[in-house]
Structure formats: C-alpha cells, structure tokens
Amino acid sequence: MCELFSLNAHEKIRINEYLQVFISHSNEHRNGWGLAFLDDAPCQIKKEAVKAIDSVFLKERLQEDILVSKCIGHIRKATIGDVNDLNSHPFTRLDVTGRQWVLAHNGTIFESDALAPFQYVQEGTTDSERILLYLVSLVNEREKKFSDTSNGLVRIHLVDALIKTLVPGNKVNLMIYDKNYLYVHANEVKTLYQKEVENGMMFATKPLDEETWTGVPINQLFVYQDGKLVYIGQKHEHTYVHDEEKMRLLYLAYAGL
C-alpha cells in the first residue's frame, strides 16, 4: 500500500521535520513520491517515480524552510499501475468550472463498475487516478444540469456519495482538496492518524513525532476548511480488512498470469 500526509491550517507553519520523518518511510514505500502545495492557485505539484529518500529534489528542497498552510503528500508502494511519474500521486484535474481538484489514495480498488470506463481515458494506469476522473465527471454532470457546484455543500455531498459507491470491498483511504475544502476518509482500522497543530490539523498514515496523534474515525467523511472541521458525513459499514490472498490474485490478474 502507500502512505498519506496532509496539513490543513489557517496560517502557514514549517513542516520540514514532519516531511523528513514521512519520507523516511519510503524504504518500504519505494515506488514514488509526490507533494502538492495547495496555498496558491493553481497548486504546485511535484512528484517523481523514485524512492523519496533518494530524491535529489527533496534533499535540496528540505534544506529550505517549507512554510505552508495546506498540502497533501504521498509515498507509493505500487499495487496497480507501473512505476512511473504518471502513476505517482497526488493526481490533479480541472472540472468544467476551472476548479482544480487534487487527490491522493492509500488503498486498492478490487472491483468497481463505476471506475471501469476511465481506464480508457486516464494518463496513467492506476485505480487511484480513475477515482479522481470519476469524481470530476460527477462534478461536471452536476454542473451541466444545475450550475450549482460553486456551492460547497453540493461538492461535499458529491464526494460523500462517491466514497459510498467505492467502499464496498475496497480500501479507500483518501485525501482530496478542491481549492476550498480538504476531504479526509479512511475505512481500514489504524491506517490514518490526526494531530492538532497550530491553527489546524495534520494527518498521516503513521504518527510523525512523539506527540499525541489520534486515530481518524473510520467509515465516514470529514471535511476541513482553513483548519476547522466543517462537515462530518454519515457513517457507513464497509470496513476494509486486508486479505493477502485477495491481493495475490489481484497481482496475478494485473500481470496477466
């Protein structure tokens, strides 16, 4: 699987030490890394299909203060999709209104009829990119019918509906940003943690320091804006439990064996 990192705060803070610990986990998650800095529009995304601790770019960047209020990070352990830049997270797309969406995923989609059509139009080959394409298609369809996706609650309900469509049988730990909101969801026990920081919240697959981190409640959507929790979705019952045999069969199917 992969690991996620995110910050959503009202003011910028220095995150160098957190990122140092986060990328140190790439010995296990060695198939690529990505960082999306979300304070500006369009957001800045840098990603490479190399082990994060071997990245010359990251080594140089971490020599400077990294001050941000909003970001999403990802280190990849590939399950579906080749190891290349196109398959490194986070992914980004614009909807029909010009709104930029950013998504990072820790998990695997074993089956989803909803995502199947997007394998023919995606740039890479991951199930994670298809999640974003599906989400943007839902936003676009809604906008064309009702012209109301500038309403934040409309977008929140679309994301919540998308998650409930995908979670049966699948691991769907997600970080999504839409220029206004950070959407956070996990459906496997002890795979996403949160910590209060100055003016906001930080999230990571594993705690990044010795301070107090608490588990993100699973099976419901949480939405943050400028460091404040603004929405809690209705809880679903689709807890993911890792199944090694199911993963093995997926690898064989993907490899064509």
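Two strands count as paired when DSSP finds at least two bridges between them, and strands themselves are DSSP E runs of at least two residues, just as helices are H or I runs of at least four, numbered from the N terminus. Tyrosine 224 has leucine 229 in β13 as its bridge partner. Four bridges join β12 (residues 222–225) to β13, and the two run antiparallel.

Before going on, note that this is a predicted model, where local features need pLDDT of at least 70, side-chain atom pairs count only at pLDDT 80 or more, and totals for chains, interfaces and linings use all residues. Residues are numbered from 1 along each chain as its sequence is written, and side-chain values use heavy atoms, with hydrogens and water left out.

Now step back to the whole sheet: it is open, with six strands in the order β5-β6-β7-β8-β12-β13 and antiparallel pairing. β5 (91–94) and β13 (228–232) sit at the edges with a single partner strand each, so one side of each lacks a neighbour in the sheet.

On to α3. Of its 20 residues, 15 are buried, meaning under 20% relative accessible area with a 1.4 Å probe, protein chains only.

Definitions and conventions
Buried < 20%, exposed > 50% of the residue type's maximum accessible area, 1.4 Å probe, protein only.
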